[in-house]
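Visitor: I have a structure to go through and would like to ask about it piece by piece. Could we look at it together?

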Amino acid sequence: MHRAVQAGADPDAIVQNPFLNDSQRKAITQLAELIIPKTDTAGAIEAGVPAFIELMLSDWYAAEERAPFLEGLANLDLGAKERHGLLFADCEVKQQTELFRQHEGDAFFKMARELTTVGYYTSEVGVNAELKYLPVPGAYIGDYDYADIGRQTVN
C-alpha cells in the first residue's frame, strides 16, 4: 500500500487485475464498516473503502503480500460457519465484532485496520468529514534570530 500512496495512485481507479469473488467483496465491505462505522459522520462504505481495499490488494500487493489478508478473510468465514452457520458477511454486527477480535494482533487484523484507515482518511469523505486543517497561528519567519529570545545562535 505504501508504494501506491507514494506513487500517487488514484483511489478511485478501476481495478485492473480483479481476483476477489463476490463473497470476499461482501466480507471486505462488512469488515471495513465494522472498523469505521457510520455514525454522525460517514462510514467506510460511504467513503469507498471497500473499493480502495480491492484496488490495493489487486493492483498494488504482490501475491505473498496479500496472502495473510485472504487467509484472514477465509478464517473469518470458517469461524462464522462454525459458530453461527453463516458466512462472516451475513452475521450480525455483534457476531462480526466477536469474530474479528479473535484475530487481534495477527497480520490479517493489522492489514485490515491499516487498509481501512488509509482508505478512509485518503478519501474525500474522510478528509472532509473527519479531518480538520488547523494552521499554526501567526506568521512564519524563516530567518528568525533566536538571540532575540535568549537561545543559542550560530556564528
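This is a predicted model: local features need pLDDT of at least 70, side-chain atom pairs count only at pLDDT 80 or more; totals for chains, interfaces and linings use all residues.

Visitor: Is Leu 131 buried, exposed or partly exposed?

Guide: Leu 131 counts as partly exposed, because its relative accessibility is 45%.

Visitor: Which residues make a nonpolar surface patch with Leu 131?

Guide: Tyr 121 and Val 127 do; together with Leu 131 they make a nonpolar surface patch of about 240 Å².

Visitor: And how accessible is Tyr 121?

Guide: Tyr 121 has a relative accessibility of 32%, so it counts as partly exposed.

Visitor: Let us step back to the fold. How many helices and strands does the protein chain have?

Guide: The protein chain has seven helices and zero strands. Along the sequence the pattern reads α-α-α-α-α-α-α.

Visitor: What share of the residues is buried?

Guide: Of the 155 residues in the protein chain, 34% are buried.

Visitor: Now the aromatic residues. How many aromatic pairs are there in the whole structure?

Guide: A search of the whole structure gives four aromatic pairs. One of them is formed by Phe 69 and Phe 108, whose ring centres are 5.3 Å apart. The planes of these two rings stand at 55°, so the pair is classed as tilted.

Visitor: Where do Phe 69 and Phe 108 sit in the chain?

Guide: Phe 69 belongs to helix α4 (residues 63-84) and Phe 108 to helix α6 (residues 107-121). The two are 39 residues apart, and their pair links distant parts of the chain.

Visitor: Are they buried or exposed?

Guide: Both Phe 69 and Phe 108 are buried.

Visitor: What about the rings of Tyr 120 and Tyr 121?

Guide: Their centres lie 5.0 Å apart and their planes are at 85°, so this pair is edge-to-face. Tyr 120 has 0% relative accessibility and therefore counts as buried, whereas Tyr 121, at 32%, counts as partly exposed.

Visitor: Which residues do ring pairs link into a cluster?

Guide: The cluster consists of Phe 69, Phe 100, Phe 108 and Phe 109.

Visitor: On to charged pairs, then. How many salt bridges does the structure hold?

Guide: The structure holds five salt bridges. Among them is the bridge between Arg 25 and Asp 22, with the closest N and O atoms 3.3 Å apart.

Visitor: Why are Arg 25 and Asp 22 separated by about one helical turn?

Guide: They are separated by about one turn because they are three residues apart in helix α2 (residues 22-35). Asp 22 is exposed, with a relative accessible area of 63%, whereas Arg 25 is partly exposed, with 29%.

Visitor: With which other residue does Arg 25 form a salt bridge?

Guide: Arg 25 also forms one with Glu 54, where the closest N and O atoms are 2.9 Å apart. Arg 25 is in helix α2 and Glu 54 in helix α3, so this pair ties together parts that are 29 residues apart in sequence. Glu 54 counts as buried, because its relative accessibility is 11%.

Visitor: How far is Arg 25 from Ala 51 in space?

Guide: The C-alpha to C-alpha distance is 8.6 Å, although the two are 26 residues apart in sequence. Ala 51 is in helix α3 (residues 49-60) and, at 47% relative accessibility, counts as partly exposed.

Visitor: One more bridge: what about Glu 46 and Lys 38?

Guide: Their side chains meet in a salt bridge of 3.0 Å, N to O. Glu 46 is partly exposed at 44% relative accessibility, and Lys 38 is exposed with a relative accessible area of 52%.

Terms used: Residues are numbered from 1 along each chain as its sequence is written. Side-chain values use heavy atoms; hydrogens and water are left out. Patches are made of residues with over 30% relative accessible area and no salt bridge: like charges are joined within 9 Å, nonpolar side chains (Val, Leu, Ile, Met, Phe, Trp, Tyr) within 5 Å. Accessible areas come from the Shrake-Rupley method with a 1.4 Å probe; for residues, only the protein chains shown count as cover. A salt bridge is a side-chain nitrogen of Lys or Arg within 4 Å of a carboxyl oxygen of Asp or Glu. Buried means under 20% relative accessible area, exposed over 50%, partly exposed in between (1.4 Å probe, protein chains only). Rings of Phe, Tyr and Trp (its six-membered ring) pair if their centres lie within 6.5 Å; planes under 30 degrees apart count as stacked, over 60 as edge-to-face and the rest as tilted. Helices (H or I, at least four residues) and strands (E, at least two) are DSSP runs, numbered from the N terminus.
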